[in-house]
Amino acid sequence: MVVPPSLLFRPGTPEEDAAIAEHFYRMWRDLGVEENHIQPNWQTLGLEFIDQARRTLNYQAFVAEAEGNIVGSVSGQRFAGLYPWIVSLDHRQYGYIWGVYVEPAYRNRGVATRLTQLMVDYLQGMGCTKVVLNAAPKARSLYEKLGFGESNLMELNFTF
């Protein structure tokens, strides 16, 4: 997989938050989540989340641009945690990657790999000791090639 040389990879800007929120929505749709299971105000929710994460969690996005259009994006930030952080940050400060999305016409060309690597580098550069993400089954091999491995996260699904 060779990334097309015409693509520009760069940090996303706040002016591009709507496009990043759109990619997050499309990611869920591509994963098979039906429209009626997505909040109708998904864009507002996404923009508010990004704004809050930018202000409090060192949020950053990276985008892939082709001919002036954003064709891929990734978001990441410090992980806020699921429980009280009693361990010092120099020992345990996680970064979290979310919303990796590439437009269908640009998939399987290394774009997601490059975006994810940019985010890993960003999170490592801000002092994170570990990076975590939730991988869709069809994306697991991409993340494994970047060095991500199994974790001790366990799940129990309830059926309704």
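Start by selecting Gly46, Ile50 and Ala53, the buried residues of α2 (buried means under 20% relative accessible area with a 1.4 Å probe, protein chains only). Seen down the axis of α2, these buried residues fall within an arc of 70°, so they line one face of the helix; the arc is taken from the directions from the helix axis to the C-beta atoms. This is a predicted model, where local features need pLDDT of at least 70 and side-chain atom pairs count only at pLDDT 80 or more, while totals for chains, interfaces and linings use all residues. Residues are numbered from 1 along each chain as its sequence is written, and side-chain values use heavy atoms, leaving out hydrogens and water.

Now show α1 (17-30), β3 and β4: the buried residues of α2 pack against them (contact is heavy atoms within 4.5 Å). Helices (H or I, at least four residues) and strands (E, at least two) are DSSP runs, numbered from the N terminus.

Next, step just past α2 to Asn58, which has a positive phi of about 55°.

Then pick the strands. Five of them make an open, mixed sheet in the order β1-β2-β3-β4-β5; a pair needs at least two DSSP bridges. β1 (8-11) and β5 (130-133) are at the edges with a single partner strand each, so one side of each has no neighbour in the sheet.

Zoom in on β1 and β2 (residues 60-66): they run antiparallel, joined by four bridges. Here, Pro11 sits opposite Phe62 in β2.

Key. Buried means under 20% relative accessible area, exposed over 50%, partly exposed in between (1.4 Å probe, protein chains only).
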